[in-house]
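Please review the model shown here. The briefing is arranged by topic.

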Amino acid sequence: MLKEFEIIEKIFQKTPTSIFLGIGDDAALFHKNKKEFWVISQDTLNINTHFLSNTDPENLGWKSLAVNISDILSMGGNPKYALLSISVPSANQVWIKKFSTGLFKCAKNYGVELIGGDTTRGSLSISICILGEALQNNALLRSNAKLNDDIWVTGELGLAALGLKYKKRKFDAPKTLIKKAIKALEKPLPIKVNMKKLAALCNSAIDLSDGLIPDLNHILNKSGLGANIFIENLPMPKWIRNNKNYPLVLSGGDDYQLLLTAPKNNHKKIIKFAADNKIKISCIGLMTKTKNIAIIKSDGEPLLYKKKGYEHFA
Ligand code: ADP
Ligand code: MG
């Protein structure tokens, strides 16, 4: 059976495209005017695949839009407009109202306007098409990482994966951490910044939806490079670090944080941008020539790691 990426590449991807950038990145890009691109993307959440049936509808409304915003940010764009296609099993007004409350809260928070969509009956599924704007000079393509670039990630990793693990089968971790983890899973918080400005300091980016290692691999494959990742620099809750529960961080997925690569020259500017904008950012490694990922422990030894990220048709 074909895997998710094989289906896209072998069946849907026809080259060349008539626009600047088609299938294969977090979003497509086409010219808006002389200086800007429109950035366009679509992400779907299906019941039991992307969320459990007991998910709070308000959080689900938030998450449906947040995961789409994340794809626009990862191209160096600011999100602007969204179209919502929602399929529900019945016209449950209370549920739909709560869902829309979460969706509109997220829209307001990130400056997005709902401009259209479709409402149908069927098993619960939410699909959003989102449109944003990026500067042509600073769009962040997966293919544009450069040798010796610093590798950065925003926020903290592994929380959402921990939340999912807990929800699927009770899992022994401190209560306050579990609370934070479930919040990260159900209400992801992509960074809220003027992405055009951060993008001006970076070369490439991807948003972390499938897991750090599989997502970083997309950048490596497209840029023809490798990476060294330092475990001690990875931002993760203390409890995960103390228990060496690294798979949550390396291939847990659903983080909706950004992985960015940027010239070393911009290191200080990026730290200043993060401080000015009150976001957490960590330099976790660097881009190398050898086309693989070396995960390095604090003693300098490599960590042997084979686990893969989420694959829909595994
Ligand atoms: P992401 O995880 O960032 O949302 P995906 O892994 O879902 O991205 O998709 C990878 C690329 O393939 C994207 O450029 C996306 O637009 C494209 N893509 C996915 N499914 C299809 C499809 N059925 N037809 C055309 N393009 C697709
Ligand atoms: Mg993405």
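Predicted model: local features only at pLDDT ≥ 70, side-chain atom pairs only at ≥ 80, totals over all residues.

Residues are numbered from 1 along each chain as its sequence is written, chains are lettered from A and ligands numbered from 1 in written order, and side-chain values use heavy atoms, without hydrogens or water.

**Metal site**
- Asp26 (OD), Asp71 (OD) and Asp207 (OD) coordinate the magnesium ion (ligand 2) at 2.0 to 2.1 Å.
- Donors are N, O and S atoms within 2.8 Å of the metal (3.2 Å for Na, K and Ca); water is not among the atoms, so sites may look incomplete.
- Along the chain, the donors of the magnesium ion (ligand 2) are spaced D-x44-D-x135-D.
- Asp26 sits in the loop between helix H1 (4-12) and strand E1 (28-31), while Asp207 is in strand E7 (residues 204-207), 181 residues apart.
- Helices (H or I, at least four residues) and strands (E, at least two) are DSSP runs, numbered from the N terminus.
- Asp26 is buried, with a relative accessible area of 9%; Asp207 is buried at 1%.
- Buried means under 20% relative accessible area, exposed over 50%, and partly exposed in between (1.4 Å probe, protein chains only).

**Ligand 1**
- A polar side-chain atom of Asp26 also lies 2.8 Å from an oxygen atom of ligand 1.
- A polar backbone atom of Gly24 is 2.8 Å from a ligand 1 oxygen.
- For Asp43, a side-chain N or O atom is 3.1 Å from an oxygen atom of ligand 1.

**Nonpolar cores**
- A nonpolar core is a set of buried Ala, Val, Leu, Ile, Met, Phe, Trp, Tyr and Cys residues joined through side-chain atoms within 4.5 Å.
- The largest has 53 residues, of which Leu65, Met195 and Leu260 touch the most other members.
- Helix H2 gives the most to this core, with eight residues.
- This core lies between domain 1 (14-137) and domain 2 (141-296), because both give residues to it; the domain bounds come from an automatic or database assignment.
- A second, separate core of 37 residues includes Ala173, Ala227, Ile229 and Trp239.

**Glu36**
- Glu36 is found in strand E2 and is buried, with a relative accessible area of 13%.
- The side chains of Glu36 and Lys196 are joined by a polar contact of 3.0 Å.
- A polar contact is a pair of N or O atoms within 3.5 Å; within protein, one must be able to donate a hydrogen and the other to accept it, and residues adjacent in sequence count only if both atoms are side-chain atoms.
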